[in-house]
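Thanks for coming. Please have a look at it first.

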Amino acid sequence: MKAMAEYQRTDRRRFEEEIRPAGQPAVLRGLVADWPAVQATQRSDEELFAYMRGFYNDQPIRAIVGEPEIEGRFFYNADVTELNFRPAASPLGPFLDRLLRDREHPRPYAMAVQSTPVPELLPGMELENRVDLLDADVVPRLWMGNATRVATHYDLKENIGCVVAGRRRFTLFPPGQIGNLYPGPFELTPAGTPVSMVDLAAPDLENYPRFAVALEAAQVAELEPGDAIYIPFQWWHAVDSLAPVNLFINYWWNPAPDFGNPYDALLHGLLTIRNLPDEQRSAWRAMFDHYVFGANGDPTDHLPPHARGFLGASPQDLWRVRATLKQRLGEL
């Protein structure tokens, strides 16, 4: 593993012109050090929680809880038949109080609030604690809990995450390492998308030998309060929350046009292509390479614009594809 690239004094122009175009993860040191929430954290956990309570609107929080035996690792049970944690609901106050009480506990229950929109839970806090690297309509999401480990997974969006309290270690793998990460089931997942079955803290290279190759390509960084991280689209990442009290706020966004979810296309490919005879799968691979990935250049170069139809790039052409696809899928 190698250390992640780090940047100081990051503004929007530098992010858009230098950091994002590099296509690599990056640590943005001190990006949110001046947030009121981070300033409260520097004084004490109690100060941070008092600051948060000032915005709370009495909406119950949705949390996940794992027994002490999982040692903070949110994952599967031994035979991968169910997850090793359960959902829970609580007012914010008792959850915060439990985090404070358990700070010195040697084996606490693993507790986490995940992906909760800040404006829904703590309306107004997002206005006082905001990054200026993104448009204002990108909704911040709150992640909070004690010392836990989240399995290596990927997101279907780009991500900027900001450490408010505690410390977090991020271990990232490029998308091309999927074959060395041994993804788990599609249907039952701890994080929404398939996760790596390899325990990063104790990799079993006998059962997962190619993971050694993934480790060679991994990038790692540890973040303190006030630091942020940029995670490019679909980079796999494991997240270790290292302190008894952790608060993290992230921003997901996708600048691509929204004509459907490619994840759905992947599932459709599993249904329609994966089990075809080898020669047919090979033919379809060539077809996708040509039309979707442009392996031979622009597949419409030889056609006049009026004859490109589904292959056209205008919004009208793409909506026509979508309407036809919707009709065809409705016939399944």
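I will start with the cavity, move to a pocket and the cores, and end with backbone angles.

One thing before that: this is a predicted model.

Rolling a probe the size of a water molecule over the atoms shows where empty space is left. How many cavities of 30 Å³ or more does a search of the whole structure find? The search finds one. The volume of this largest cavity is about 30 Å³. The residues that line it are Val 118, Met 125, Glu 126, Asn 129, Pro 140, Ile 249 and Tyr 251. By class, five of the lining residues are nonpolar, one is polar and one is charged. Two elements, α6 (125–128) and β15 (246–253), each supply at least two residues of that lining.

That brings me to β15. Is this strand enclosed or open? β15 is largely enclosed by the rest of the structure, because seven of its eight residues are buried. It has strand partners that I want to point out. With strand β8, residues 140–145, β15 pairs in the antiparallel sense over six bridges. If you want a position to look at, Arg 141 has Asn 250 of β15 as its bridge partner. Strand β10, residues 158–165, also runs antiparallel to β15, and seven bridges join the two. There, Asn 159 is bridged to Trp 252 in β15.

The lining as a whole consists of Ile 61, Ala 63, Val 65, Arg 86, Ala 88, Ala 89, Ser 90, Pro 94, Phe 95, Arg 98, Tyr 109 and Met 111. Sorted by class, that gives nine nonpolar residues, one polar and two charged.

Phe 95 takes us from the pocket lining to the packing. In soluble globular proteins, nonpolar side chains tend to be buried together. Here the largest nonpolar core has 47 residues, and those that touch the most other members are Trp 35, Phe 49, Met 52, Phe 95, Leu 122, Met 125 and Met 144. The element that gives the most to this core is α4, with five residues. Another core, of 13 residues, lies apart from it and includes Met 4, Ala 221, Ile 231 and Val 239.

Met 125, from that list of the 47-residue core, is also in the cavity lining. As for Phe 95, what does it touch once neighbours within four places in sequence are left aside? It is in contact with Ile 61, Ala 63, Ser 90, Met 111, Ala 112, Val 113, Met 144 and Gly 145.

Last, the backbone. Glu 71 is not a glycine, yet it has a positive phi of about 55 degrees. It is found in the loop between β4 and β5 (73–74). Its relative accessibility is 62%, so Glu 71 counts as exposed. Gln 234 also has a positive phi, near 60 degrees, in a residue other than glycine. Its loop is the one between β13 (228–231) and β14 (236–241).

How values were computed
Residues are numbered from 1 along each chain as its sequence is written. This is a predicted model: local features need pLDDT of at least 70, side-chain atom pairs count only at pLDDT 80 or more; totals for chains, interfaces and linings use all residues. Side-chain values use heavy atoms; hydrogens and water are left out. On a 1 Å grid over the protein atoms alone, a cavity is a set of points where a 1.4 Å probe fits but cannot get out, and a pocket is an open set with protein on both sides within 12 Å along at least five of seven lines; lining residues have an atom within 4 Å of a point. Grid points are joined across faces, edges and corners, and a volume is the space filled by probe spheres set on the points. Helices (H or I, at least four residues) and strands (E, at least two) are DSSP runs, numbered from the N terminus. Ala, Val, Leu, Ile, Met, Phe, Trp, Tyr, Cys and Pro count as nonpolar, Asp, Glu, Lys and Arg as charged, and the others, Gly among them, as polar. Buried means under 20% relative accessible area, exposed over 50%, partly exposed in between (1.4 Å probe, protein chains only). Two strands pair if DSSP finds at least two bridges between them. A nonpolar core is a set of buried Ala, Val, Leu, Ile, Met, Phe, Trp, Tyr and Cys residues joined through side-chain atoms within 4.5 Å. Contact means heavy atoms within 4.5 Å.
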